Amino acid sequence: MDASQTTTPAPAPAAPPASAALRSALAARRAGHALPQAFYRDPAIFLDDMRHFVMAHWHCVGHASMVPEPGDYFTADLGGESLIILRGADGQIRAFANVCRHRGSRVCTEGAGKARNGLLVCPYHAWSYDLAGQLQNARLTAPDFDREPYGLKAVALRISEGTLFVTFAKAPLDFAHVEASFGHAARIYGWARAKVAVRKMYSINANWKLVAENYQECYHCGPAHQEYSRRHIFARPETQRVLPDQAMHARDAELGIGLADIDHFAQDAAPGQESADCSRSALVAGFATGSRTGSAVAPLMGDFKGRDFDGGFSFLDVGPTSNFVAYPDYGLIYRTIPLAVDRTAYELIWLVDADAIEGRDYLVEEVMWLWDHTSIEDKKIIELNQAGVNSMFFEPGPYTAMESDTARYVDWYVATMQACL
Ligand code: FES
Ligand SMILES: [Fe+2]
């Protein structure tokens, strides 16, 4: 399952030039400060974001265990597009635009399902597609109608340790850095042999960049996330993290897990590469994992099996929208999904070991408790942030030391957008 696969992407149209609104918003931007209002409110800049930033990158859409059998599919939204992720008769997982080749209807209307009789049938006029996306039947067309050019449009898909990534880019960014960084860590945590315990979608009335900026910093954790902060040293200023982190690294070395070498931060990949970074952080003494009680919520995964908890966890980030949190007993996929200028969703997907049995080895409500709780809190603070940003009194303030990752993320976004002017 962990072998990478690629489908040939449909040629994407060349991106149109950036908007005048983007040009003036970039000119008004003050380095080291939150972005000017237009970045979070202007529909023209949202389109620029999608065309020039989001669509150029790789995005996690889920896990291979979500489509265990040939014919299984799920749909994934991103930036106004809808994709079908489908396991073919040959066992390969492919991604297709959820757009019928007749007159453009959505083909799959459910979030997940199984192709009946090996076919996806469009609900409008019943054109049907096989599990490789080829058009099989087009009702009442001429006997010599050539179906071959009317297959569903394929979108590039890669699998790293069971985790599914797609991109809309005409020339997809090289994936090697993702394999070396994210893939290496996910392998240690055993994610290729994981399954989805539960998924949940959260809808946020805010621009997607406020969601991304919020995820990148823990300056807000103290005031906004009491439960998270009681469990994670990461919520504290850097000077207070040094000793617990050292103890975590020592424990990791003692157990022979080998995670020490993934502890680095590198948001900016080399030109032509996707960004991917990992960082490690200690848990507060008395908490083995990110759970309500601090005790395990599921069996140990990957290289932790037969060993023990190491007193820490890992943050893994890929591209602009895909974040992951790995504890020794469960994993979390955290997808930021831009939908419209003022509407974003995030989907959380909790992973446990493939052999774990619900009810016996884990309880869904305990696996999801901490991050569900934290994400509900995040929805509230992000929506309050958007409300204030919309005000005529809003003036972008400075990022602080504990928001350095957010500042980096915004610099990366700004540099990309400047390059497309
Ligand atoms: S739009 Fe799909 S069959 Fe007509
Ligand atoms: Fe948060």
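E81 sits in strand β3, residues 81-87. Strands (E, at least two residues) and helices (H or I, at least four) are DSSP runs, numbered from the N terminus. The model is predicted: local features need pLDDT of at least 70, side-chain atom pairs count only at pLDDT 80 or more, and totals for chains, interfaces and linings use all residues. Residues are numbered from 1 along each chain as its sequence is written, while chains are lettered from A and ligands numbered from 1 in the order in which they are written.

E81 is partly exposed because 15 other C-beta atoms lie within 10 Å. A residue is buried with 20 or more such atoms within 10 Å of its own C-beta, exposed with 12 or fewer, and partly exposed in between; C-beta atoms are placed from the backbone. β3 is mostly covered, with five of its seven residues buried. E81 and P338 are 257 residues apart in sequence, but 10.0 Å apart in space, C-alpha to C-alpha.

Which strands pair with β3? Here are β2 and β4. Two strands pair if DSSP finds at least two bridges between them.

| Partner of β3 | Sense | Bridges |
|---|---|---|
| β2 (residues 72-78) | antiparallel | six bridges |
| β4 (residues 93-97) | antiparallel | five bridges |

T75 stands opposite I84 in β3. L86 stands opposite R94 in β4. The hairpin of β2 and β3 has two residues between the strands, and G79 takes a positive phi near 55°. The hairpin of β3 and β4 has five residues between them, and G91 in the turn has a positive phi of about 90°.
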